[in-house]
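Dear colleague,

I am handing over the structure below, and after it I set out what was found. Please read the notes with the coordinates open beside them.

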Amino acid sequence: MPSSNAWAQTWEQRFGENEEEWFFGREPSDMGRAAFNLWNQLFPSRPARVLDLGCGEGRDSVFFAAKGFQVTAVDLTASGIRKTRRLAEMNGVTLHAVHQMDIRDFLLSPDYDILFSNNALQSLNRQCIPYLRKLQRITPPGGLNAIRVFTREADALRSRSDVYCFDHNELKYHYRAWRLLYYGEDILWRPHVNGYLSFATIIAQKRGGRKRTCAEDHAARDSQSE
Ligand SMILES: C[S@@+](CC[C@H](N)C(=O)[O-])C[C@H]1O[C@@H](n2cnc3c(N)ncnc32)[C@H](O)[C@@H]1O
């Protein structure tokens, strides 16, 4: 199994190859946009505190920050973190915190409304599911998890022993006690591996939170405009 260092080297190289180009682009991912829209529907006019785990070059972190959310971004790679900071600057936004470190060493606390991880957790391999459970535990009631991971559907992934590949519906199963806002599985062509990769994506809300009433929403809006 590649160590964190091996993973870091692969992404370090990809992100570091060209300082002017963002490997996954500068626009947010579809999951980033969907998580933002869902949060806004659930809690209009309440900016979320977002933890972006494996933020890469920052496309989603910067998007959330540009929407007024408080973002903490974590990634192993120096090149990814450098470009995350640069993308924030280019967009004139401030990220609350940016850490270059292994997400397993980042102290998880119940201070985040959206636990966001786009295509990173599978690299934790055997630690993937225990880590996912930790994320679930620290999510406050009403908070969201937005997670995209590899599935075993694509031939290229089925036999890989260095990453954790989810079975069909497995990710959804882990969130069976949560309120499901979105779940989808895709198999997509990925030019950088010259092949198909397969993904499961979930956006789910931890039960137990209380949705703000209309009156509370109006009061919050009034107090912001004062
Ligand atoms: C496929 S890229 C996705 C990047 C970003 N989430 C995006 O969608 O643009 C995977 C990212 O996860 C990061 N990553 C993988 N394992 C990690 C770990 N244990 N700790 C921190 N970052 C990790 C890599 O450095 C890389 O930036």
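The largest nonpolar core has 48 residues, and those with the most contacts inside it are Ala35, Val50, Ile114, Phe116, Ala146 and Val149. Here a nonpolar core is a set of buried Ala, Val, Leu, Ile, Met, Phe, Trp, Tyr and Cys residues joined through C-beta atoms within 7 Å, and a residue is buried if 20 or more other C-beta atoms, placed from the backbone, lie within 10 Å of its own. At least two residues of this core come from each of several elements, including helix 2 (30–42), strand 1 (49–53), helix 4 (78–90) and strand 7 (195–205); helices (H or I, at least four residues) and strands (E, at least two) are DSSP runs, numbered from the N terminus. Another core, of 5 residues, lies apart from it, with Trp7, Trp11, Phe15 and Leu76 among them.

Please keep in mind that this is a predicted model, in which local features need pLDDT of at least 70 and side-chain atom pairs count only at pLDDT 80 or more, while totals for chains, interfaces and linings use all residues. Residues are numbered from 1 along each chain as its sequence is written.

Returning to valine 149, and leaving aside its neighbours within four places in sequence, its contacts (C-beta atoms within 7 Å) are with Leu121, Gln122, Phe166, Leu171, Phe199 and Ala200. Across the protein, which has 8 helices and 7 strands, 38% of the 226 residues count as buried.

As for the ligand, 22 residues surround it, the closest being Gly54, Gly56, Leu76, Asn118 and Ala120, where the criterion is a C-beta atom, placed from the backbone, within 6 Å of the molecule. The largest share of this shell, 3 residues, comes from helix 1, and the shell divides into 9 nonpolar, 9 polar and 4 charged residues, with Asp, Glu, Lys and Arg counted as charged, Ala, Val, Leu, Ile, Met, Phe, Trp, Tyr, Cys and Pro as nonpolar, and the others, Gly among them, as polar.

In helix 4 the buried residues are Ser79, Gly80, Ile81, Lys83, Thr84, Leu87 and Ala88, and the helix is followed by glycine 92, whose phi is positive, near 65°.

Finally, strand 6 (residues 179–190) and strand 7 pair in the antiparallel sense over 11 bridges, pairing being taken as at least two bridges found by DSSP between two strands. One of the bridges joins tyrosine 182 to isoleucine 203 in strand 7. The two strands form a hairpin with 4 residues between them, and asparagine 194 in the turn has a positive phi of about 50°.

Best regards

Terms used
A residue is buried if 20 or more other C-beta atoms lie within 10 Å of its own, exposed if 12 or fewer, and partly exposed in between; C-beta atoms are placed from the backbone. Two residues are in contact if their C-beta atoms, placed from the backbone, lie within 7 Å.
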